[in-house]
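Student: Could you walk me through a structure that is new to me? I would like to learn how to read its features one at a time.

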Amino acid sequence: MNHIAWLLSLLIVSSSLLASADDRQKAEKQVRKITAMATDKVGRRMVSMSVADTLKIPRPVMVEQRRKSGLDYGSFFVAHELVASGVAMGDIMAAVTAGKTIWQIGDEQHANWKQIEADAKKQNRRIEDYIYRHFLNKKNDEADQLRDIADKYDIMQDAVPTDFNVTPEEMVAAQARYIFWRDEAGKLQGSGKSMTDRERKAAGMDHADSRHDTHGITAPAAGGLPPQ
């Protein structure tokens, strides 16, 4: 009887570990989309603004934190998700300095990967909203430039080597999303009209990532910023 109980316990633990690994994999997929979008200069500005707004961190502070930690935007986002769950930022930075990835740190801290996946999905939607709005009309472009000035944001300082630790497939997918929402904005450019939630849903970018024509352009060729 004890042997059966032990086997059942082992099966439960194994199932739990497999579920956790699956949740982490799904979270990582969403988080890496954030990182990949930041390989393009305009995309990086949109990522910078949207992440700063989500986390309520001044952009110069965020730039400095990223440069000190060496965290790409996706990992930086996860770090703050861990902080929100009660993990001390000092402990995260110490682990990063010791050579651990944000994923290893998350596992050690028993991260809620399902929640991180959900939050990363929302963040990706927000980034897409910022790209769409940026290209909707000239006033929005000018407003973004004024915000850069007000925020004292220097894109030339906003780069760490890990920003480019993405696969070619991830970069192409990011470029597809970028072009998709730029083109959607272009259809209404100058009209002052915004896309409704229903229209956006009908646009179906969720299944357009791998299908949308990128015209042979990869993210760096479209204005990627090399790490300094």
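This is a predicted model: local features need pLDDT of at least 70, side-chain atom pairs count only at pLDDT 80 or more; totals for chains, interfaces and linings use all residues.

Student: Is Asp-144 buried or exposed? And how exposed is Arg-133?

Tutor: Asp-144 is buried, because its relative accessible area is 3% and the cut-off for buried is under 20%. Arg-133 is partly exposed, at 28%. Arg-133 also lies over the face of Tyr-130, at 5.3 Å from the ring centre.

Student: Which residue lies over the face of Tyr-73?

Tutor: That is Arg-66, at 3.9 Å from the ring centre.

Student: How far apart along helix H1 are Lys-26 and Asp-22?

Tutor: Lys-26 and Asp-22 are four residues apart in helix H1 (residues 2–37), which means about one helical turn separates them. Their side chains meet in a salt bridge, at 3.4 Å from N to O. Lys-26 is partly exposed, with a relative accessible area of 39%, and Asp-22 is partly exposed too, with 34%.

Student: Which residue does Asp-183 meet in a salt bridge?

Tutor: The partner of Asp-183 is Arg-182, at 3.1 Å from N to O. Asp-183 is partly exposed at 28%, and Arg-182 is partly exposed at 31%. Salt bridges can also share partners: Arg-45, Asp-53, Arg-59, Arg-147, Asp-148 and Asp-151 are joined into one network in that way.

Student: Now the aromatic rings, please. How do I describe a pair?

Tutor: A pair of aromatic rings is described by the distance of the centres and the angle of the planes. This structure has four aromatic pairs. For Trp-103 and Trp-113, the ring centres are 5.5 Å apart and the planes lie at 35°, so the pair is tilted. Trp-103 is in helix H6 (residues 102–108) and Trp-113 in helix H7, so the pair ties together parts that are ten residues apart in sequence. Both of these residues, Trp-103 and Trp-113, are buried.

Student: What kind of pair do Phe-135 and Tyr-178 make?

Tutor: Their planes are at 85° and their ring centres 5.9 Å apart, so Phe-135 and Tyr-178 are edge-to-face. This pair links distant parts of the chain, with Phe-135 in helix H7 and Tyr-178 in helix H9, 43 residues apart. Phe-135 is buried at 18% relative accessible area, and Tyr-178 is buried at 8%. Elsewhere, ring pairs link Tyr-132, Phe-180 and Trp-181 into a cluster.

Student: How can I check the length of a helix, say H2?

Tutor: Count 1.5 Å a residue: the 15 residues of helix H2 (residues 41–55) should span 21 Å, and the end C-alpha atoms are 21 Å apart, which agrees. At the start of H2, a side-chain oxygen of Asp-40 reaches to within 3.0 Å of the backbone nitrogen of Val-42. Just after H2, Lys-56 takes a positive phi of about 60°.

Student: Which residues of H2 are buried?

Tutor: Among them are Gly-43, Arg-44, Met-46 and Val-47.

Student: And where is Lys-152?

Tutor: Lys-152 sits in the loop between helix H8 (138–150) and helix H9 (168–187). Lys-152 is exposed, at 69% relative accessible area. Pro-60 is 92 residues from Lys-152 in sequence, yet their C-alpha atoms are 6.7 Å apart in space.

Methods
Residues are numbered from 1 along each chain as its sequence is written. Side-chain values use heavy atoms; hydrogens and water are left out. Helices (H or I, at least four residues) and strands (E, at least two) are DSSP runs, numbered from the N terminus. The expected span of a helix is 1.5 Å times one less than its number of residues. Buried means under 20% relative accessible area, exposed over 50%, partly exposed in between (1.4 Å probe, protein chains only). A polar contact is a pair of N or O atoms within 3.5 Å; within protein, one must be able to donate a hydrogen and the other to accept it, and residues adjacent in sequence count only if both atoms are side-chain atoms. A salt bridge is a side-chain nitrogen of Lys or Arg within 4 Å of a carboxyl oxygen of Asp or Glu. Rings of Phe, Tyr and Trp (its six-membered ring) pair if their centres lie within 6.5 Å; planes under 30 degrees apart count as stacked, over 60 as edge-to-face and the rest as tilted. A charge sits over a ring if NZ of Lys or CZ of Arg is within 6 Å of the ring centre and within 35 degrees of the ring normal.
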